[in-house]
Amino acid sequence: MNKKKGRVFSGARPTGRQHLGNYLGAIKNYVDLQKDYDCVYCIVDLHALTTVEDTLNLKQNTNEMVLDWLAAGVNPEETIVFVQSHVPEVTELHTILSMVTPLGKLTDLPTFKEKVRMQPENVNYGLVGYPVLMTADIVLYKADVVPVGIDQAPHLEFAREIVRSFNHRFNTKVLIEPQMKNTVIPKVLGIDGKEKMGKSLNNHIELAATAEETKARVLDMVTDPARIKRTDPGNPDICNVFTMHKIFSPQADIDMVNVECRRAGIGCVECKTLYAKNLNQELKPFREKRSELASKKSLVDEILQDGSNRARKIAQKTMQEVREAVQLP
Ligand code: SF4
């Protein structure tokens, strides 16, 4: 058996059915990391409470997201998959860590300012404490490594500062400073070809959509805007359809589109139909597995229950050490 390199922690908000952007940006990496690390993947439902719209259908969204993870290859036999609020120790650690976190730093974070701008009617305390709860998530499970994209790197650096501050203040080494695992997170554009793929913009393609729904979404994709007539040569280098071909199509199709688009040898409808066919082909095993898993009604609940039992064991041990370090009576 391979010796693992350490423990990875990652959290994701319960956003329901996952789309291609989620797959390429996170889920694929979740699956790959399992080879080398003991993985702890958490559905961060408490974080979701900071934004009003996320609180609708939390259970349903959790269920759908877990089904997608499992169908994509997250293996709950090895990996701990659980829901943040099922391990209440995280809120206790959050409170303790908040005592060593300067308020000024929290309110200065660009992400906090951005949230204030986005939801001025709901600037709640949870938004300010978000990075502290995130730190508690990571260190509660003694994670060695956290996979982060470049835009998340400052958050992890801040988490490391909180850990150092805690260890220094209580003269302990109980909490582990998590290391950053720089992860290239590709920016997957939506079918509008402009914005990052996301549900809120309705520019996404769900992994679990039917083949017909997928084809319809692909046919709606925006292509090279300079290509107006079928006889106009196109530029695949600026076309999102070609970008996606490069991820999901066989090399022969990629090469063909690369040549034929430039000399108007292939039309955009034909090109998108080919991409839809290849994408559906790639997603076929995922969809079959997902349907099979979804037919087992209590499966996700059982996996999450088992995951929270395993996570809680680690959490309780950490909290015992933390309480001793803080000398709580
Ligand atoms: S032929 Fe394909 S790559 Fe070229 S512009 Fe049309 S959709 Fe894009």
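Predicted model: local features only at pLDDT ≥ 70, side-chain atom pairs only at ≥ 80, totals over all residues.
## Aromatic pairs

A pair of aromatic rings is described by the distance of the centres and the angle of the planes. A search of the whole structure finds six aromatic pairs. Two of them are set out below.

| Pair | Centre to centre | Angle between planes | Type |
|---|---|---|---|
| Y30 and Y41 | 4.0 Å | 10° | stacked |
| F82 and Y141 | 5.2 Å | 65° | edge-to-face |

The planes of Y30 and Y41 stand at 10°, and planes under 30 degrees apart count as stacked. The pair is therefore classed as stacked. Y30 belongs to helix α1 (residues 20-33), while Y41 belongs to strand β2 (residues 38-43), so the pair ties together parts that are eleven residues apart in sequence. Both Y30 and Y41 are buried.

The rings of F82 and Y141, in contrast, have 65° between their planes, and an angle over 60 degrees counts as edge-to-face. This pair links distant parts of the chain, 59 residues apart. F82 is found in strand β3 (residues 80-83), and Y141 in the loop between α7 (125-140) and β4 (145-148).

Are F82 and Y141 buried or exposed? Buried means under 20% relative accessible area. F82 has a relative accessible area of 0% and is therefore buried. Y141, at 2% relative accessibility, also counts as buried. Together with F9, the residues F82 and Y141 form one aromatic cluster.

## The ligand and its surroundings

Which residues surround the ligand? They are T223, D224, R227, C239, V241, F242, V257, C261, C268 and C271. Helices α10 (240-248) and α12 (268-294) are the elements that give two or more residues to this shell. By class, the shell consists of seven nonpolar residues, one polar residue and two charged residues.

## The largest cavity

The structure holds three cavities of 30 Å³ or more. The space taken by the ligand is the largest cavity, and the volume of the largest cavity is about 90 Å³. Its lining comprises 15 residues, of which T223, C239, C261, C268 and C271 lie nearest the centre.

Which element gives the most to the lining of the largest cavity? That element is α12, with three residues. Both α10 and α12 supply at least two residues each. The lining as a whole divides into nine nonpolar, three polar and three charged residues.

Technical notes
Residues numbered from 1 in each chain as written. Heavy atoms only, no water. Phe/Tyr/Trp six-rings, centres within 6.5 Å; stacked < 30°, edge-to-face > 60°. Helix = DSSP H or I, 4+ residues; strand = E, 2+ residues; numbered from the N terminus. Buried < 20%, exposed > 50% of the residue type's maximum accessible area, 1.4 Å probe, protein only. Near = heavy atom within 4 Å. 1 Å grid on protein atoms, 1.4 Å probe; cavity = no way out; pocket = protein on both sides within 12 Å on 5 of 7 lines; lining within 4 Å. Sits in = over half its atoms within 2 Å of the grid points. Nonpolar A, V, L, I, M, F, W, Y, C, P; charged D, E, K, R; others polar. Points joined across faces, edges and corners; volume = space filled by probe spheres on them.
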